[in-house]
Amino acid sequence: MSDQHADGGLIVPPLLAVCAAELLERIDALADDLFRKITTEVAPYARLSDEIMADVRDFNERNLREQLTCMAHHRPVRTDSTRQSVRRRATQGVPLDAVLHAFLIGYRLLADALIDRAKQQPGTTMDDIAQASMALWSLLDAASRTVNDVYRDTLVSLARADELQRLLLLDALLTGKTADWAALGGTAASLGLPEQGPYVCVVADHDDVTAMEQAMLRGGLRSAWRPRPDGLAGIVALPAPFPAPGCAHASALAVVLNVVGATVTGRAGLSPAYTRLRESADALRLATLARASLPAGTHRAVTLDHDPAAALVAAGPDLALRMALTVLDPVLAAPDRKDLMETLTAWLDSDTGSTTEIAEILYCHRNTVRNRLDRVSRLTGRSLHRPADVAALYAGVRALELRPR
């Protein structure tokens with residue numbers, strides 16, 4: 001039998017060492033024979049390009065030479081060439097079962113040649129042949145494990161490289177570095193997106209890229225996502241049909257809004273639709289603004305159209321907060337400020353401005369609502385019948401809602 005060396009390699013019996021030395025003299029013929037068998041018996045190899053075919057032939061010879069040399073010098077059989085070959089085939093997209101089949105053919109050919117030589121050696125017994133056969137089976141078993149492990153590790157490395165490339169491409173788009181996007185060979189396909197828009201950019205309070213991508217796929221949406229310190233930023237392809245390029249299709253946006261809203265753990269903002277991926281940086285800014293138009297603690301996805309005034313406030317939060325404190329300071333200083341602000345907010349959020357409706361929401365009498373609104377008007381000097389004054393009050397309330405906690 002073969003001996004297990006300390007480094008994990010196998011050392012074949014002396015009989016095989018003698019036979020391996022003899023086979024080294026006809027390594028070219030063995031390599032040619034192996035190449036013909038592999039390309040004849042393994043269909044994926046038969047379909048490889050001429051360039052890769054030449055590479056296969058080269059590695060066949062290198063593998064055989066490495067194995068036979070180790071055997072002939074009674075050293076642990078090395079797997080360097082095997083590992084290189086498996087990495088090459090995995091990178092080239094040759095299926096694992098085809099790679100394993102090719103190595104099985106190689107070891108079968110090598111075993112047949114070695115056993116034939118062994119039988120010709122003077123004084124060889126059946127026990128010698130049995131030990132030689134067991135040693136070769138041990139080599140095949142070790143090689144099969146090596147092929148599986150190296151192939152799997154290569155796929156993992158390739159996946160990580162692809163993901164890194166994808167993140168770099170997304171970063172280039174979302175930060176407006178179009179030169180980097182071009183230098184990296186960026187395409188919509190490399191991000192898993194269709195070549196033609198429209199697209200929307202999404203900024204969301206969420207920390208699980210996989211969950212978001214799967215939610216999008218379940219909704220029939222193709223997307224690409226990038227983790228950020230404040231959540232996720234992504235590009236989503238709007239579903240067909242579209243009325244015309246560059247037009248924001250209401251029903252298509254509604255699909256994205258529904259999926260994102262059901263998935264996020266907090267706020268999410270969507271940009272207007274856009275047609276070219278190179279516009280993603282501007283879209284990201286608008287999506288960020290849409291999210292910022294929602295108060296902290298909200299669980300919802302919105303576009304800029306949801307509350308344009310709140311979006312304007314979010315665009316200049318420091319100025320908006322200063323204005324809010326100026327406009328609403330008398331109310332905020334009043335002893336009953338909580339009731340006054342609650343009533344003013346309910347009135348501003350109301351679709352009708354009906355005091356009866358607001359009274360039902362606040363569980364109080366409608367006269368109480370009227371009195372509180374009149375008190376806000378007197379304290380601030382703002383009329384609730386003058387549009388400019390109402391706009392100032394609305395912006396003030398929104399600025400207070402959106403200020404950092």
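**A proline and what surrounds it**

Author: Happy to! Helices (H or I, at least four residues) and strands (E, at least two) are DSSP runs, numbered from the N terminus. This is a predicted model, in which local features need pLDDT of at least 70 and side-chain atom pairs count only at pLDDT 80 or more, while totals for chains, interfaces and linings use all residues. Residues are numbered from 1 along each chain as its sequence is written, and side-chain values use heavy atoms, with hydrogens and water left out.

What joins Gly197 and Pro198 is a cis peptide bond, with omega about 5°. To put that in context, most peptide bonds are trans.

Step on to Tyr199, in strand E3 (residues 199–204). The structure holds 1 aromatic pair, and Tyr199 forms it with Tyr274: the pair is tilted, with 5.9 Å centre to centre and 50° between the planes. Here is how such pairs are sorted: rings of Phe, Tyr and Trp (its six-membered ring) pair if their centres lie within 6.5 Å, and planes under 30 degrees apart count as stacked, over 60 as edge-to-face and the rest as tilted. Tyr274 belongs to the loop between strand E6 (267–270) and helix H11 (280–292), so the pair ties together parts that are 75 residues apart in sequence. Both Tyr199 and Tyr274 are buried; buried means under 20% relative accessible area, exposed over 50%, and partly exposed in between (1.4 Å probe, protein chains only).

Now widen the view to the sheet. E3 belongs to an open sheet of 5 strands in the order E4-E5-E3-E6-E7, with mixed pairing; two strands pair if DSSP finds at least two bridges between them. Strand E4 (223–228) and strand E7 (300–303) stand at the edges with a single partner strand each, so one side of each is left without a neighbour in the sheet. On average, neighbouring strands are turned by 20° against each other, direction ignored. For angles like this, axes are lines fitted to C-alpha atoms, for helices over the stretch in contact, and angles run from 0 to 180 degrees between N-to-C directions.

E4 is joined by 6 bridges to strand E5 (residues 231–237), and the two run antiparallel. Across from Pro227 stands Leu232 in E5.

Helices lie against the sheet, too. H11 packs on the sheet and touches E3, E4, E5, E6 and E7, its direction making about 45° with that of E3; contact means heavy atoms within 4.5 Å. Helix H9 (residues 209–218) lies across E3, E4 and E5, running at about 160° to E4.

At 17% relative accessibility, Thr263 counts as buried. Leaving aside neighbours within four places in sequence, Thr263 is in contact with His206, Ala211, Met212 and Ala215. The C-alpha atoms of Thr263 and His206 are separated by 8.2 Å, although these residues are 57 residues apart along the chain.
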